Amino acid sequence: MSTNKPEEEYFARLEAEKKRRLALLLDDEEQADKSRVLKELHFMHCGKCGNEMFTTQFRGVDIEVCPVCGSVLLDPGELQQLAGEDRSGTLDTIATLFGFRR
Ligand SMILES: [Zn+2]
């Protein structure tokens with residue numbers, strides 16, 4: 001049956017590609033499910049002690065604060081907003097240290 005070999009190889013390659021794409025799709029769905037579960041478990045909870053955080057205003061910016069350990073969580077861009085209000089340059093220095101640029 002050597003006359004069918006190129007055809008068999010062609011279909012084997014198609015099947016392998018189909019399996020590879022299915023595996024990638026399943027990985028994406030699995031990763032999305034995992035991300036959803038993690039968000040449900042950790043949303044608005046302190047990264048240090050796990051207690052529920054509350055939102056308050058600091059210099060006009062909504063920040064999350066842990067009532068137990070005092071940790072503060074800033075959303076993307078909030079550190080830059082606060083640094084813009086800081087005349088001493090301290091927050092600007094911190095933003096630079098963590099690789100954020102205004
Ligand atoms: Zn905490």
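This is a predicted model: local features need pLDDT of at least 70, side-chain atom pairs count only at pLDDT 80 or more; totals for chains, interfaces and linings use all residues.
Residues are numbered from 1 along each chain as its sequence is written.

The protein chain has three helices and three strands. Both kinds of element are DSSP runs numbered from the N terminus: helices are H or I with at least four residues, and strands are E with at least two. Read from the N terminus, the order of elements is α-β-β-β-α-α. Of the 102 residues in the protein chain, 2% are buried. Here a residue is buried if 20 or more other C-beta atoms lie within 10 Å of its own, exposed if 12 or fewer do, and partly exposed in between, with C-beta atoms placed from the backbone. Among contacts between residues at least 6 apart in sequence, 5% join residues at least 24 apart. Two residues are in contact if their C-beta atoms, placed from the backbone, lie within 7 Å.

The three strands form an open antiparallel sheet in the order β1-β2-β3. Its edge strands are β1 (54–58) and β3 (72–73), each of which pairs on one side only. Two strands count as paired if DSSP finds at least two bridges between them.

On one side of the sheet, β1 and β2 run antiparallel and are joined by five bridges. Phe54 stands opposite Val65 in β2. The two strands form a hairpin with two residues between them, and Arg59 in the turn has a positive phi of about 50°.

Glu64 has Leu73 in β3 as its bridge partner. β2 and β3 also form a hairpin, with six residues between them; Gly70 in that turn has a positive phi of about 85°.

Ile63 lies in strand β2. Is Ile63 buried or partly exposed? Ile63 counts as partly exposed because it has 19 C-beta neighbours inside 10 Å. Leaving aside neighbours within four places in sequence, Ile63 is in contact with Thr56, Phe58, Val72, Leu73, Leu74 and Glu78. Glu78 is 15 residues from Ile63 in sequence, and their C-alpha atoms are 8.0 Å apart in space. In a regular strand, side chains alternate between the two faces of the sheet.
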